[in-house]
Amino acid sequence: MKKILIVILTLTLIITMAGCEQSKQTANTAADNTINEVSADKNASANDQISKNYDFQAADLAAYIYANNKFKDQLSEINSNVLFEIYDVDKDEVKDACSYFSTGATAEEITVMTAADSNIQDNLAEINKAYNERLEDQIEAFSDYVPEELTKLSNPLIMEIGNSVVMVVCDDYDRAKQTILDYFK
Amino acid sequence: MNLEKNGNKTLKLLKNPKLWILFVFIVILIMTLAGRCTDLRSQETGNTGAAENTAVAENTAVAESTDNDISDSQSDNKVNRIPYDPNNPYGVFEGALFIGDSRTEGLRVYSGIDNAVFFCAKSMSIDKILNGKKVNVNGSNISISETLALKAYPRIYVCLGINELGWNSSDEFIRQYGILLDEIIKQQPDADIYVELLIPVTASKSEKEAGGVVNNTRIYEYNLRLVDLAEKKGLKYLNPDQPLLDENGCLKEEASTDGVHLLREYYIIWAEHLAQITY
């Protein structure tokens with residue numbers, strides 16, 4: 001009788017603990033999937049490229065992207081001092097920069113940065129790193145704030161154009177990419 | 001004799017290893033099930049569950065800060081409080097600290113205030129602050145205690161509550177807000193501390209949320225409680241919403257895309273009015 005009881009209790013315990021582990025794993029997997037999609041971009045540093053180096057103003061490109069894409073929220077250009085507070089990149093690593101942020105209601109964003117001429121490759125790497133850190137911060141912020149925004153945060157457009165890197169967070173990835181390609185035609 | 005017999009029986013049972021194994025399994029099972037029940041209760045109560053489970057007694061991350069954390073600059077009791085000057089409206093914010101949520105983040109990003117420190121983040125709430133949430137302040141991820149220990153602030157503006165409108169009652173919000181204010185007073189005894197009342201949402205947002213929580217009735221209730229709290233603590237309170245409202249006392253529809261957050265030009269209006277009414 002005692003043996004039967006022991007077997008029954010052991011089985012119950014195993015089933016209960018397996019349930020806990022599964023739900024924990026499911027939660028971790030969901031979070032991991034979101035982070036991994038961004039990390040995939042981080043490893044690639046950019047998910048598209050225009051190799052030719054064009055001479056352009058970051059503000060001009062950012063304004064063009066904003067004017068030629070649909071965003072749910074109103075985006076506005078932010079002050080460069082604020083830009084360098086929010087992005088973890090030194091001013092001497094960046095020759096030119098412009099960023100459009102949302103009101104806070106969405107995660108939509110346009111950021112254009114051109115690497116400073118000294119140590120261009122290192123500066124480009126720092127810019128890419130700053131972009132990915134910004135994405136991670138935004139994912140963390142929006143995950144319990146407006147979780148629907150995680151969809152666009154998990155698929156940002158990060159494009160290298162010569163010595164510049166552009167990031168666009170929006171619903172229509174393909175349109176954003178085409179807009180940039182059109183700008184440089 | 002019976003007592004002796006029963007005693008021997010008990011001794012025999014206690015010496016039985018199988019019984020001990022059974023006992024251990026029962027204890028582990030109960031503990032595991034108890035843990036699952038707690039998780040489920042937290043999921044059901046959402047934000048309020050987070051509030052209730054928060055360690056907000058004197059042992060919180062905020063309350064654990066000691067006078068040793070205060071830098072030498074704070075031992076100087078003189079803080080330079082610049083009065084309002086219409087020719088330099090933002091001068092009043094010189095050296096100030098803003099504590100808040102996504103609306104304060106919008107203020108930081110768009111208002112043009114560049115002479116103050118901001119401790120703010122999206123979805124920021126009282127319980128997160130008291131639990132030691134770190135945010136980027138001047139390039140470092142630090143908690144509110146560490147932010148308060150950075151330097152002496154002449155003015156500190158606290159604007160929290162939008163993310164707590166969903167809590168079961170305003171009592172817990174006010175209780176935790178009080179703990180935060182006490183900590184600010186303790187670490188910044190010479191600062192002018194302002195409790196900023198919540199700016200209403202748009203009429204359309206309020207109507208949409210009539211059965212919910214992010215509506216102007218709830219905001220009005222919270223604001224009354226905030227006024228009461230500020231007065232009890234001997235602190236000042238500010239209501240910066242006047243130029244942002246329509247004729248019905250709601251946030252102007254044209255001021256927001258989602259009914260809650262402001263467009264850039266309205267963050268500037270908010271900042272300018274806040275500067276003007278700071279006393």
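Me: What do the buried residues of helix 9 of chain B pack against?
Reply: In this predicted model, they pack against strand 1 (97–100), helix 3, strand 5 (155–159), strand 6 (192–196) and strand 7 (236–238) of chain B.

Me: OK, and which residues of helix 9 are the buried ones?
Reply: They're Tyr266(B), Tyr267(B), Trp270(B), Ala271(B), His273(B), Leu274(B) and Ala275(B).

Me: How many residues does helix 9 of chain B have, and how far does it reach?
Reply: Helix 9 of chain B has 14 residues. From the first C-alpha to the last it reaches 20 Å, close to the 20 Å expected at 1.5 Å a residue.

Me: Back to helix 3 of chain B. At what angle does it pack with helix 9 of chain B?
Reply: Helix 3 (residues 102–110) and helix 9 (residues 264–277) of chain B pack at about 95°, and their axes are 9 Å apart. So helix 3 of chain B is roughly perpendicular to helix 9 of chain B, since angles of 65 to 115 degrees count that way.

Me: Which residues make that contact?
Reply: On the helix 3 side you've got Ser102(B), Arg103(B), Thr104(B), Gly106(B), Leu107(B) and Tyr110(B). Helix 9 brings Arg264(B), Tyr267(B), Ile268(B), Trp270(B) and Ala271(B).

Me: And by class, what does the contact of helix 3 with helix 9 have?
Reply: In chain B, that contact has six nonpolar, three polar and two charged residues.

Me: Which residues have the most contacts inside the largest nonpolar core?
Reply: Trp270(B) is one of them, along with Tyr87(A), Phe93(B), Phe98(B) and Ile113(B). That core has 55 residues. Helix 4 (residues 120–143) of chain A gives the most to it, with seven residues.

Me: What other core lies apart from it?
Reply: There's another one of 43 residues, and Leu148(B), Trp167(B), Leu181(B) and Ile184(B) are among them. As a general rule, nonpolar side chains tend to be buried together in soluble globular proteins.

Me: Switching to chain A: how many helices and strands are there?
Reply: Chain A has six helices and six strands. Starting at the N terminus, the order is α-β-α-β-α-β-β-α-α-β-β-α.

Me: What share of chain A do buried residues make up?
Reply: They make up 48% of its 185 residues. Also, among contacts in chain A with a separation of 6 or more, 65% come from residues 24 or more positions apart.

Me: Is Asn119(A) buried or exposed?
Reply: Asn119(A) is exposed, because its relative accessible area is 54% and the cut-off for exposed is over 50%.

Me: And what about Ser123(B), where does it lie?
Reply: Ser123(B) is in the loop between strand 2 (117–120) and helix 4 (126–130) of chain B. Its phi is positive too, about 60°, although Ser123(B) is not a glycine. At 7% relative accessibility, Ser123(B) counts as buried.

Me: Last one: where is Glu231(B)?
Reply: You'll find Glu231(B) in helix 8 (residues 216–233) of chain B. Glu231(B) counts as exposed, because its relative accessibility is 51%. From Glu231(B) to Val195(B) is 36 residues in sequence and 9.9 Å in space, C-alpha to C-alpha.

Notes
Residues numbered from 1 in each chain as written. Chains lettered and ligands numbered in written order. Predicted model: local features only at pLDDT ≥ 70, side-chain atom pairs only at ≥ 80, totals over all residues. Heavy atoms only, no water. Axes fitted to C-alpha atoms, helices over the stretch in contact; angles between N-to-C directions. Helix = DSSP H or I, 4+ residues; strand = E, 2+ residues; numbered from the N terminus. Parallel < 35°, antiparallel > 145°, perpendicular 65-115°, else oblique. Contact = heavy atoms within 4.5 Å. Nonpolar A, V, L, I, M, F, W, Y, C, P; charged D, E, K, R; others polar. Expected span 1.5 Å × (residues − 1). Buried < 20%, exposed > 50% of the residue type's maximum accessible area, 1.4 Å probe, protein only. Core = buried A, V, L, I, M, F, W, Y, C linked by side-chain atoms within 4.5 Å.
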